[in-house]
Amino acid sequence: MFREERGLLLASLVRRFGDLDLAEEVTSEAIEAALRHWPAEGVPARPGAWLLTTARRKAVDRLRRDRAYAARLAVLRADAEREETVAPAADSAGAAELPDDRLQLFFTCAHPALAAEDRTAITLRCLAGLTTPEVARAFLVPTATMAQRIVRAKRKIREARIPFRVPGPDELPERLPGVLQVVYSVFTEGYAASSGPRLQRLDLAGEAIRLARILRRLLPAEREAAGLLALLLLVHARRDARTGPEGEPVLLEEQDRGRWDRAMIEEGRDLVVRALSGGPAGPYGVQAAIAALHDEAADVESTDWVQIVALYDVLLTLTPSPVVAVNRAVAVAMRDGPGAGLALLDALAGEPRLRAYPPYAVARGDLLTRLGRAGEAAAAYRSALESAGTEPERAALRRKLGE
């Protein structure tokens, strides 16, 4: 329940009280109260509403005790009375604009006064409900570094008095890339969890898709909003085939493509056309086009690797990153053979962000195996095992080492 409700709870409290630290504190206190009361009294019919009511009361109690907040509390009471008077009209109007408190805060935390990485980090941690280690994994940095970054962002919001408000229509497109990055990072954690007993966290992936749909409705003229939704749908369509009976990862070439969600794939393909039409392609549109080529192929052998490599070339010009370079190297290996792909991967060996990135070591291990270099492949798999976050990943790597 905490996982499911925390993001919405925080967003609602920040919108009401305008204080992120206060919202976090009373959210934790509400969860603590639930842990005390629910085992004895039973889980309420609407647990989210119970948590929100409890957190609001605790926030008001805290504000009452603090004289510095007395004037703010009076304003909040006036606002609350006004909201109750015009609630039906406001609800219908708000649904047409920004229909979710979390998305309102996604845009708020994308304020240009914050550094780009700090914006994404604080939104993932505070509003999307990811833990600090999960956020650190999304950025390929140590947990301690990410913790400092989140503290710095919160201090900046407080000291610069950045307002928690919905940006105007003219500001939304400017802040959209930061919001898209947040939603994508939430999906990434759902697609491949950074830790825990399961490879996938379908709750997070589903939440990211829901938010991407709202963004798409909110900004229908923004092609990258369509591109992001297309990418998430085309990747999530494979969810049922990505794990085996024991939760173990199943590689793309071994997946039963009959288990892929064809309706989701068709929706994603239609969105790809929209994302790539009417101007230069954006990074999410290009990634969605790559995912569509995978989903359209009957098997790995018939996949259009020539076009996929060409799309990765475009993606590297739009968003140069070692992760994109790794994916391109794997595609080159499928097009030109394992030796060509391995040479590209070895050229990335000095990139510090790949040292704790298991897919890099796994890709090297797979290509070395195909080249018959078993000893080097085993060393690569051991390296991946050291940084693998979930138990299914570790079990799969142990099997590879055994082979």
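Helix α2, which covers residues 20-41, comprises 22 residues and reaches 30 Å from its first C-alpha to its last, close to the 32 Å expected at 1.5 Å a residue. The model described here is predicted. At Leu35, α2 bends by about 25 degrees, and a proline, Pro39, follows within four residues. Among the buried residues of α2 are Leu20, Ala23, Val26, Thr27, Ala30, Ile31, Ala34 and Trp38. An α-helix has 3.6 residues a turn, so residues three or four places apart point the same way. Just after α2, Gly42 adopts a positive phi of about 95 degrees.

Two helix pairs can be set side by side. Packed helices are described by the angle between their axes and the distance between the axes.

| Helix pair | Axes come within | Crossing angle |
|---|---|---|
| α12 (residues 223-236) and α13 (residues 262-275) | 8 Å | roughly 155 degrees |
| α19 (residues 374-387) and α20 (residues 391-402) | 10 Å | roughly 165 degrees |

The axes of α12 and α13 cross at roughly 155 degrees, and because angles over 145 degrees count as roughly antiparallel, α12 is roughly antiparallel to α13. Their crossing is left-handed, and the contact is made by residues including Ala226, Leu229, Ala230 and Leu233 of α12 and Ile265, Gly268, Leu271 and Val272 of α13.

For α19 and α20, the axes cross at roughly 165 degrees, which makes α19 roughly antiparallel to α20. The crossing of α19 and α20 is left-handed, and in their contact Ala378, Tyr381, Arg382, Ala384 and Leu385 of α19 meet Arg394, Leu397, Arg398, Lys400 and Leu401 of α20.

Notes:
Residues are numbered from 1 along each chain as its sequence is written. This is a predicted model: local features need pLDDT of at least 70, side-chain atom pairs count only at pLDDT 80 or more; totals for chains, interfaces and linings use all residues. Side-chain values use heavy atoms; hydrogens and water are left out. Helices (H or I, at least four residues) and strands (E, at least two) are DSSP runs, numbered from the N terminus. The expected span of a helix is 1.5 Å times one less than its number of residues. The bend at a residue is the angle between axes fitted to the seven residues ending there and the seven starting there. Buried means under 20% relative accessible area, exposed over 50%, partly exposed in between (1.4 Å probe, protein chains only). Axes are lines fitted to C-alpha atoms, for helices over the stretch in contact, and angles run from 0 to 180 degrees between N-to-C directions. Angles under 35 degrees count as roughly parallel, over 145 as roughly antiparallel, 65 to 115 as roughly perpendicular and the rest as oblique. A crossing is left-handed if the near helix is turned anticlockwise from the far one by less than a right angle, and right-handed if clockwise. Contact means heavy atoms within 4.5 Å.
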